[in-house]
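This briefing accompanies the sequence and coordinates shown below. Please read the points alongside the structure.

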Amino acid sequence: MIKQYVDSIRRESQYKRVFRKWLKGEIPDNQLRADQRAYIQKTMKARMKRIKRRFRRQVELHMFLRNITVKPIGRLLRPLPVNWHEDFADGISYPHCPACDELAYQKDHCVFCGRRFSQWDTITGSGK
Ligand SMILES: [Zn+2]
């Protein structure tokens with residue numbers, strides 16, 4: 001009972017040592033045993049999951065802060081005409097926000113900075 005427990009701890013510490021060496025690049029992929037490879041894959045998957053969760057939380061916080069600060073301020077500023085110019089070098093002019101120069105996904109306001117657009121004229125393509 002106790003011996004099994006000690007053995008499992010010892011095996012885990014060996015796996016950790018192999019994992020650290022693999023991270024440094026001292027052990028190439030083809031020299032790993034199948035169980036070591038499985039341990040490394042499991043650990044890396046868990047790490048990626050943690051990193052992705054942290055990144056998603058940071059993005060959500062950033063978007064929340066932008067939605068309560070940047071967009072209301074942009075909404076209060078005076079409306080500007082839409083800026084038409086090429087974006088992908090395909091000869092087609094796309095509407096852009098005059099304030100932040102991002103693509104305009106809405107006809108009345110910018111989804112990124114909240115700036116309102118004064119007019120939307122697709123026939124002349126000038127936005128004036
Ligand atoms: Zn904008």
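The points that follow cover the metal site, the domains, a nonpolar surface patch and the salt bridges.

The model is predicted. Its domain assignment gives domain 1 (2-70) and domain 2 (77-128). A zinc ion is coordinated by Cys97, Cys100, Cys110 and Cys113, and a search of the whole structure finds two salt bridges.

**Zinc site**

- The SG atoms of Cys97, Cys100, Cys110 and Cys113 coordinate the zinc ion at 2.2 to 2.3 Å.
- The arrangement is tetrahedral because the angles subtended by the four donor atoms around the zinc ion are 105 to 115 degrees, and four donors count as tetrahedral if all angles lie between 85 and 135 degrees.
- Along the sequence, the donor residues of the zinc ion follow the spacing C-x2-C-x9-C-x2-C.
- The pair Cys97 and Cys110 links distant parts of the chain, 13 residues apart, with each residue in the segment after strand E2 (93-96).
- Cys97 and Cys110 are both buried, a class that requires under 20% relative accessible area.

**Domains**

- The centres of domain 1 and domain 2, taken over C-alpha atoms, are separated by 44 Å.

**Nonpolar surface patch**

- Leu61, Phe64, Leu65 and Ile68 make a nonpolar surface patch of about 390 Å².
- Among these residues, Ile68 lies in helix H2 (residues 34-76).

**Salt bridges**

- Side chains of opposite charge can pair when their charged atoms come close.
- Asp7 and Lys3 are four residues apart in helix H1 (residues 2-24), so about one helical turn separates them.
- Within this pair, Asp7 is partly exposed, with a relative accessible area of 28%, whereas Lys3 is exposed, with a relative accessible area of 61%.
- Another salt bridge is formed by Arg33 and Asp35, with the closest N and O atoms 3.2 Å apart.
- Arg33 is partly exposed at a relative accessible area of 48%, and Asp35 is partly exposed at 31%.

Notes
Residues numbered from 1 in each chain as written. Predicted model: local features only at pLDDT ≥ 70, side-chain atom pairs only at ≥ 80, totals over all residues. Heavy atoms only, no water. Donors = N, O, S within 2.8 Å, 3.2 Å for Na, K, Ca; no water. Tetrahedral: all angles 85-135°; square planar, octahedral: opposite > 155°, others 65-115°. Helix = DSSP H or I, 4+ residues; strand = E, 2+ residues; numbered from the N terminus. Buried < 20%, exposed > 50% of the residue type's maximum accessible area, 1.4 Å probe, protein only. Patch = residues over 30% accessible without salt bridge, like charges linked within 9 Å, V, L, I, M, F, W, Y side chains within 5 Å. Areas by Shrake-Rupley, 256 points an atom, 1.4 Å probe, with all protein chains shown as cover. Salt bridge = Lys/Arg side-chain N within 4 Å of Asp/Glu carboxyl O. Domains from an automatic or database assignment.
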